[in-house]
Amino acid sequence: MAGHARGPFVAGNWKMNLTLAGAVDLARKVAAAGPELRPCDLLLIPPFTSLGAVGAALAGSDVALGAQDLFWEDAGAFTGEVSGPMLRDAGCAYVLVGHSERRLHFGETDETVGRRARAALKAGLRPVVCVGEVLEEREGGRTMARIDDQIARGLGALSRDEIERLVWAYEPVWAIGTGRTASPAQAGEVHAHIRRRIEEGYGKATASCAIILYGGSVKPANSYPLFKEENIDGFLVGGASLEAEGFIGIAREALRAYREEK
Ligand code: PEP
């Protein structure tokens with residue numbers, strides 16, 4: 001195995017959970033673990049309502065702040081939406097784009113995911129772009145074709161510089177919030193495919209530095225063998241990120257696998 005180009009990257013997507021007090025408490029616990037977890041990149045993604053308070057709790061720590069979505073216009077009559085410049089202003093460095101729950105419940109398409117990714121980049125945010133197949137597509141042998149479509153339709157217009165600022169997240173939809181994780185081999189195969197596509201489009205150097213996260217029922221108990229796959233650079237964690245021990249435990253296990261390569 002060639003080994004990972006960089007330390008693990010672990011992001012916690014809190015979804016529609018936690019009010020202010022709980023959010024701040026969790027953020028403080030993760031921030032306190034930051035030094036022990038170096039060189040792991042840590043990212044917390046709370047709901048919009050707690051971005052300010054969580055950002056304040058993370059100030060001066062190793063932990064970055066991200067948002068769960070954005071709209072593609074900068075400002076205007078778009079009730080209920082939040083823009084890239086607003087997220088930058090709130091202290092975000094990252095924003096999730098194309099999460100399967102946005103695609104499933106809120107009508108996101110590959111094309112609107114692309115518009116959001118471009119808006120994020122324009123605002124100076126790093127988009128964490130989610131791709132992944134539903135169970136029917138996996139069982140029908142269409143996983144790679146689905147991933148290819150998501151990449152081509154959503155991200156085909158991006159330049160090499162822009163692609164280098166993305167974080168990729170492979171999240172098989174059948175594994176999100178279900179307790180059913182992709183095996184390391186299943187996930188590793190799709191991650192290798194994504195890296196190959198990046199290489200074909202943008203060259204070897206860009207592909208080898210790309211951060212490709214796995215998401216789908218990740219827990220401390222399964223993160224070590226997943227990170228052992230050379231193309232899995234870390235995790236996008238939902239449910240298990242709502243407890244400090246779960247999130248920190250995942251980062252520790254990824255780090256253990258990473259250190260064994262050195
Ligand atoms: C997610 O929300 O991106 C996710 C992977 O959720 P969970 O870890 O709960 O499956």
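Student: What does the side chain of Glu-171 make a polar contact with?
Tutor: The side chain of His-99, at 3.5 Å. Keep in mind that this is a predicted model.

Student: Is Glu-171 buried or exposed?
Tutor: Buried, and without a salt bridge. Lys-15 is the nearest side chain of opposite charge, 6.9 Å away. A salt bridge needs the nitrogen and the carboxyl oxygen within 4 Å.

Student: Where in the fold does Glu-171 lie?
Tutor: In the loop between strand S6 (167–170) and helix H9 (184–202).

Student: And which residues is Glu-171 in contact with, leaving aside neighbours within four places in sequence?
Tutor: His-99 is one of them. The others include Cys-130, Val-131, Gly-132, Glu-133, Gly-215 and Gly-216.

Student: Why is S7 called largely enclosed?
Tutor: Because five of its five residues, 211–215, are buried.

Student: New topic. How many bridges join S6 to S7?
Tutor: Four, and the two strands run parallel. Ala-169 stands opposite Leu-213 there.

Student: What about S7 and S8, parallel or antiparallel?
Tutor: Parallel, with three bridges joining S7 to S8 (residues 234–237). Tyr-214 stands opposite Phe-235 in that pairing.

Student: Which helix goes with S7 and S8 in a β-α-β unit?
Tutor: Helix H11, residues 220–227. The unit is right-handed.

Definitions and conventions
Residues numbered from 1 in each chain as written. Predicted model: local features only at pLDDT ≥ 70, side-chain atom pairs only at ≥ 80, totals over all residues. Heavy atoms only, no water. Buried < 20%, exposed > 50% of the residue type's maximum accessible area, 1.4 Å probe, protein only. Lys, Arg positive; Asp, Glu negative; His and termini not counted. Polar contact = N/O pair within 3.5 Å; in protein donor to acceptor, adjacent residues only side chain to side chain. Contact = heavy atoms within 4.5 Å. Pairing = 2+ DSSP bridges. Right-handed = clockwise from strand over helix to strand, strands pointing away.
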